[in-house]
Amino acid sequence: MKKIKMMKLLPIFMVMMFSTANAMHIMEGYLPVKFSIGWIVASLPFVLLGMKSIKTKLNENPRNITLIAMAGAFIFVISSLKIPSVTGSCSHMTGTGLGAILFGPLAVSVLGLIVLLFQALLLAHGGITSIGANTFSMCIAGPIVSFLIYKLCIKMKLSRRVGIFLGAMLGDIVTYCVTSLQLAMAFPSQDGGVMVSAIKFLGVFAPTQLPLAIIEGILTVIIMIGLEKYARKELRNIGF
């Protein structure tokens, strides 16, 4: 138990070393009202299914709460490490790949939403009006890709760690592809519409996001190595 507690402290040390003061997701009031409401509606079914998924896992074994809480803490910490990238948003790691690989993407939609609410209310990162858009990109689209990529790698009989790295990295990249599309839909280019605007946003995000995605993949593998060493019983409880 002492070793598991030390693993829980690792994300705290990371945020103390690397966090920045001017970090945010799509910020409060940046999206037009119809887009704010639309993304909340789009995210709601995933969140409801995610609540059911978490409840099922806790009914299977109440001790699963330890890894669920750690996955949520990892999302909170790693998504607080941000680099300003474009007005109204920023580049940052997401941390959702770990939870998606361990518990599936639906559970991460709930964990991510909780993180986004805490960051919006306590840290002024993101906002309530943009909570739906941020949830969909970071806590739904990204985790689904992470989960599918990991499962594909396992099916192809690749190394588990390769699958974890690729899942976390590509889930991060997809998050920003979706974020770029969200911003482009709200603010289409006068010359070429939504797609041209999305390409412009991606062009701004890419220089910082690509290396951050690689770092996130590496960090996720390191965390998983630690869990395999110090929390093997807990991983067996969730069938990992």
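Predicted model: local features only at pLDDT ≥ 70, side-chain atom pairs only at ≥ 80, totals over all residues.
Close-up 1. Ser 197 has a relative accessibility of 4%, and because buried means under 20% relative accessible area, Ser 197 counts as buried. When its neighbours within four places in sequence are left aside, the residues in contact with Ser 197 are Ala 184, Phe 187, Pro 188 and Ser 189.

**Close-up 2. The packing of helices H4 and H5.** Two packed helices are described by the angle between their axes and the distance between the axes. Here helix H4, residues 96-103, packs with helix H5, residues 105-122, at an angle of about 140°, and the axes of the two lie 7 Å apart. H4 and H5 are therefore oblique to each other, and their crossing is right-handed. On the H4 side, Thr 96, Gly 99, Ala 100 and Phe 103 take part, and these meet Pro 105, Ala 107 and Val 108 in H5. Of the residues in this contact of H4 with H5, five are nonpolar and two are polar, while none is charged.

**Close-up 3. The nonpolar cores.** The largest nonpolar core has 35 residues, and those with the most contacts inside it are Leu 102, Phe 103 and Leu 227. Two or more residues of this core come from each of helix H2 (33-60), helix H3 (65-78), H4, H5, helix H6 (131-155) and helix H8 (193-230), with H3 giving the most, namely seven residues.

Terms used:
Residues numbered from 1 in each chain as written. Heavy atoms only, no water. Axes fitted to C-alpha atoms, helices over the stretch in contact; angles between N-to-C directions. Helix = DSSP H or I, 4+ residues; strand = E, 2+ residues; numbered from the N terminus. Parallel < 35°, antiparallel > 145°, perpendicular 65-115°, else oblique. Left-handed = near helix turned anticlockwise from the far one by under 90°. Contact = heavy atoms within 4.5 Å. Nonpolar A, V, L, I, M, F, W, Y, C, P; charged D, E, K, R; others polar. Core = buried A, V, L, I, M, F, W, Y, C linked by side-chain atoms within 4.5 Å. Buried < 20%, exposed > 50% of the residue type's maximum accessible area, 1.4 Å probe, protein only.
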